[in-house]
Amino acid sequence: MKKTHIAVIGAGAFGGWTALHLLERGAHVTLLDAWGPGNSRASSGGETRIMRCTYGPDQPYTELAAHSLKLWKRYERQWNRQFFHPDGVLWMLSSKDDAYERGSLAALRDAGVKFSELSTPQMKKRWPQINFSGVDWGILEPDSGYLEARASCQAVADVFIALGGVYRQLAVLPPSIDEPPLKELRLSDGTRLKADSYVFACGPWLGKLFPDILGSLIQATKQDIFFFGPPAGDSRFNDIQLPVWGDHGERFFYGIPGNFSRGFKVADDTRGAAFDPTSGERVVSEATLRRVRDYVEFRFPAMKDAPLIETRVCQYEQTSDSDFIVDRHPRMSNAWLLGGGSGHGFKHGPALGELAAELILKDKKPRKCWQLSRFSKEK
Ligand SMILES: Cc1cc2nc3c(=O)[nH]c(=O)nc-3n(C[C@H](O)[C@H](O)[C@H](O)COP(=O)(O)OP(=O)(O)OC[C@H]3O[C@@H](n4cnc5c(N)ncnc54)[C@H](O)[C@@H]3O)c2cc1C
């Protein structure tokens with residue numbers, strides 16, 4: 001019997017894992033990417049991403065993240081590779097504005113995620129290198145940590161190819177939607193590709209491919225990342241002595257210590273200015289650097305004069321509600337749209353890919369909170 005042929009466009013965390021799950025379920029899959037899996041323009045580029053399950057109340061992501069973590073570990077065992085580093089994740093919280101985290105606790109419990117609530121004296125004792133001023137309590141997820149981003153995207157693509165998937169490094173031109181269903185893709189080398197179904201997992205580029213329906217729904221925002229150099233021989237700021245951390249004060253700062261000896265990674269999660277993922281120059285802003293330096297000096301006083309040793313600029317592919325987009329194209333029933341990771345999508349790659357493969361092959365409906373129809377209420 002002829003296998004169903006599915007073209008997946010985008011080999012980032014969403015597209016790569018979806019392509020692999022489709023292949024594992026018996027489809028013939030062609031994966032295309034303009035610049036390569038986890039490339040430096042992609043949202044899945046860069047070395048590391050946080051794996052955490054604390055997500056506030058009434059949302060699907062705690063359960064999805066917990067399932068994804070199981071899949072990350074299962075594939076690690078299968079491939080004999082390590083992408084997940086279980087250093088724990090510490091949330092530093094002020095009781096003034098902790099509805100999000102307080103609301104997370106029931107979801108963590110329901111999903112069977114291990115966590116402990118910590119008092120400030122407990123945290124001070126355990127991590128004396130942190131100034132806990134303004135912090136009233138904390139949540140520690142001891143089994144969470146960080147993931148290797150770029151490297152795992154490449155590994156997913158490598159396994160996909162080894163298992164018989166077809167990978168092509170080409171750009172897909174915006175599809176013509178005159179006569180549904182979608183019949184073929186036009187590629188940057190002038191050729192065309194025909195498939196039965198198409199999955200567009202183009203991260204911050206999704207709106208460029210479908211300007212009429214997604215142009216205003218996904219905003220690419222500039223996010224600056226900083227790596228500071230700890231004092232020589234000082235291991236207080238690497239992943240042996242510090243967990244991954246998030247600090248939910250007026251702004252949300254987060255960091256991944258150690259980070260393959262590339263420095264103490266710190267970022268401000270506040271959504272930045274609009275950014276073009278293709279042509280944007282990846283230079284951090286002086287204002288954000290100043291803000292991040294002030295924060296580091298306050299929260300990690302021994303890092304006061306730490307030099308900036310590396311920077312990165314990435315972009316979030318932000319939806320207005322930070323929920324993903326997992327849906328069929330409204331006019332082309334054989335085209336699926338997968339994106340809107342909104343600064344938290346990476347960890348979910350294996351679980352979201354599995355879920356997308358099931359939706360596509362079994363003709364199921366996605367969750368309401370990921371459907372495009374939710375945006376029509378906003379118009
Ligand atoms: C600074 C930063 C920090 C983050 N931190 C975290 C975190 O700690 N934890 C977490 O879980 N998530 C985090 N995220 C979010 C997460 O990284 C993203 O949500 C996720 O990687 C998005 O994956 P994606 O596959 O949708 O997009 P992408 O990784 O951007 O992949 C899209 C791919 O499509 C390709 N493409 C685009 N257009 C075309 C075309 N026309 N033809 C062919 N190919 C095309 C691109 O080359 C790209 O490879 C962070 C993001 C950033 C930027």
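1. Strands are called paired here if DSSP finds at least two bridges between them. The labels come from DSSP runs numbered from the N terminus, with helices (H or I) of at least four residues and strands (E) of at least two. Axes are lines fitted to C-alpha atoms, for helices over the stretch in contact, and angles run from 0 to 180 degrees between N-to-C directions.

2. Before you go further, please keep in mind that this is a predicted model: local features need pLDDT of at least 70, side-chain atom pairs count only at pLDDT 80 or more, and totals for chains, interfaces and linings use all residues. Residues are numbered from 1 along each chain as its sequence is written.

3. Now look at one end of that sheet. E18 and E19 (residues 335-339) run antiparallel and are joined by four bridges. Together E18 and E19 form a hairpin, with six residues between them. As background, strands of a sheet pair through backbone hydrogen bonds, either parallel or antiparallel.

4. There is also an open sheet of three strands, in the order E3-E8-E4, with antiparallel pairing. Its edge strands are E3 and E4 (84-85), each pairing on one side only. E4 pairs with E8 (residues 145-148) over two bridges, in the antiparallel sense. His85 has Tyr146 in E8 as its bridge partner. Helix H5 lies across E3 and E8, running at about 50° to E8.

5. How do H1 and H5 cross? The axes of H1 (residues 13-24) and H5 (residues 149-162) come within 9 Å and cross at roughly 25°. H1 and H5 are therefore roughly parallel to each other. For that wording, angles under 35 degrees count as roughly parallel, over 145 as roughly antiparallel, 65 to 115 as roughly perpendicular and the rest as oblique. The crossing of H1 past H5 is left-handed; the term applies if the near helix is turned anticlockwise from the far one by less than a right angle, and right-handed applies if clockwise.

6. Which residues meet between H1 and H5? From H1 they are Ala13, Gly16, Trp17, Ala19, Leu20 and Leu23, and from H5 they are Cys153, Val156, Ala157, Val159 and Phe160. Two residues are in contact if their C-beta atoms, placed from the backbone, lie within 7 Å. The residues of this contact of H1 with H5 divide into ten nonpolar, one polar and no charged. In this scheme Ala, Val, Leu, Ile, Met, Phe, Trp, Tyr, Cys and Pro count as nonpolar, Asp, Glu, Lys and Arg as charged, and the others, Gly among them, as polar.

7. H1 has a contact with H9 (residues 349-362) too: their axes come within 7 Å and cross at roughly 55°. That makes H1 oblique to H9, and H1 passes H9 in a right-handed crossing. Residues of the contact include Phe14, Thr18 and His21 of H1 and Leu352, Ala356 and Ile360 of H9. By class, the contact of H1 with H9 has ten nonpolar, four polar and one charged residues.

8. H9 also meets H2 (61-79). Their axes come within 7 Å and cross at roughly 100°, and H2 and H9 are therefore roughly perpendicular to each other. Leu64, His67, Ser68, Leu71, Trp72 and Tyr75 of H2 make this contact with Gly349, Pro350, Ala351 and Glu354 of H9.

9. What surrounds the ligand? Of the 37 residues around the ligand, Gly10, Gly12, Gly203, Gly341 and Gly345 come nearest; a residue is counted if its C-beta atom, placed from the backbone, lies within 6 Å. By class, this shell has 20 nonpolar, 14 polar and three charged residues.

10. Finally, two backbone details deserve a look. The peptide bond from Pro180 to Pro181 is cis, with omega near -5°, and Pro181 is found in the loop between E9 and E10 (185-186). Asp58, in the loop between E3 and H2, has a positive phi, near 50°. For context, most residues other than glycine have a negative phi, and most peptide bonds are trans.
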